[in-house]
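Below are questions and answers on a protein structure.

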Amino acid sequence: MLAYGKNVLYMTNPSSIKKVYISKTKQDKELFTYLKQNKIHYIVVEKELLNKMTKENHQGIVLEIEDFHYSELEEIMDGSFLLILDHLEDPHNLGAIIRSAEAAGVTGIILPKDRSVSVTDTVIKTSAGAINNVKIVKVTNLVDTIKKLQKENFFIYGADMEGCDLRETTFADKKVLVIGNEGKGISPIIEKNCDEIISIPMKGQVNSLNASVAAAILIFKMGGLS
């Protein structure tokens, strides 16, 4: 798969980088020194080629890296704070949520295999390297996954505008936060299987927040960092 940008290059394990394409206009001694020191194969090309490879702001650097490795559910069961994303669609939201989750101590993120965003170059870029420190799992059935987690004594909190005020909630030691789809929120069957529904109190006229912003507020509160 492809990734792009200088920060992503520095935050990616050199062993997983197959090749780096660099624009001829790129004048960066530090960059070329880093590539040579880490024995990363690179090719200097016309900027137009990079523009064809990705429509995102590549900063003159495009990486060809190994496909993202998803973890198994069992690999994150020993964590105490997990995140379930119920059919999220926007890769920018996923990347931003991964970044917040890593900062707040979330050890695993669970995505459904169908009708959901996956890890893409945009996700990797937006996560600013955080994706390397959080295990991401894909599952076939979210309800079955929730039930497995509950058997392992995880308490499931769903995020919804009609839930209980998060400020009045005492969170369990082993917990899972469920964030819903950008437009539809948490699906009814997922909400039914949550142990508690929580909400963010708001004073303004706007009664909803962007999924990644809402997730960040809830994640930091549940992680005891706010």
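Q: Which helix gives the most to the lining of the largest pocket?
A: This is a predicted model. Strand E8 (155-165), strand E10 (196-199) and helix H8 (211-222) each supply at least two residues of that lining. The element that gives the most, with 4 residues, is H8.

Q: How much space lies in the largest pocket, and which residues are the closest to its centre?
A: The space in the largest pocket is about 460 Å³. The pocket is lined by 24 residues. Those closest to its centre are Ala 159, Asp 160, Met 161, Gly 185 and Leu 209.

Q: How many residues in the lining of the largest pocket are charged?
A: Sorted by class, the lining holds 12 nonpolar and 8 polar residues. The charged residues there number 4.

Q: What volume does the second largest pocket have, and which residues are the closest to its centre?
A: The volume of the second largest pocket is about 380 Å³. Its lining is made up of 21 residues. Closest to the centre are Ser 16, Phe 68, His 69, Ile 131 and Asn 132.

Q: Which elements give two or more residues to the lining of the second largest pocket?
A: By class, this lining has 9 nonpolar, 9 polar and 3 charged residues. The elements that supply two or more of the lining residues are helix H1 (6-11) and strand E7 (135-139).

Q: Which strands stand at the edges of the open sheet of 4 strands?
A: The order in this sheet is E1-E4-E2-E3, with mixed pairing. An edge strand has a single partner strand, so one side of it is left without a neighbour in the sheet. The strands in that position are E1 (2-4) and E3 (42-45).

Q: Which residue in E4 is the bridge partner of Tyr 4?
A: E1 pairs with strand E4 (residues 61-65) in the antiparallel sense, over 3 bridges. In E4, the partner of Tyr 4 is Val 62.

Q: Are helices H4 and H8 roughly parallel or roughly antiparallel?
A: The axes of H4 (residues 91-104) and H8 come within 9 Å and cross at roughly 10 degrees. Angles under 35 degrees count as roughly parallel. The crossing angle therefore makes H4 and H8 roughly parallel.

Q: How many nonpolar residues are in the contact of H4 with H8?
A: Residues of H4 including Ala 96, Ile 97 and Ser 100 meet residues of H8, among them Ala 215, Ile 219 and Phe 220. By class, the contact has 3 polar and no charged residues. The nonpolar residues number 10.

Methods:
Residues numbered from 1 in each chain as written. Predicted model: local features only at pLDDT ≥ 70, side-chain atom pairs only at ≥ 80, totals over all residues. Heavy atoms only, no water. 1 Å grid on protein atoms, 1.4 Å probe; cavity = no way out; pocket = protein on both sides within 12 Å on 5 of 7 lines; lining within 4 Å. Points joined across faces, edges and corners; volume = space filled by probe spheres on them. Nonpolar A, V, L, I, M, F, W, Y, C, P; charged D, E, K, R; others polar. Pairing = 2+ DSSP bridges. Axes fitted to C-alpha atoms, helices over the stretch in contact; angles between N-to-C directions. Parallel < 35°, antiparallel > 145°, perpendicular 65-115°, else oblique. Contact = heavy atoms within 4.5 Å.
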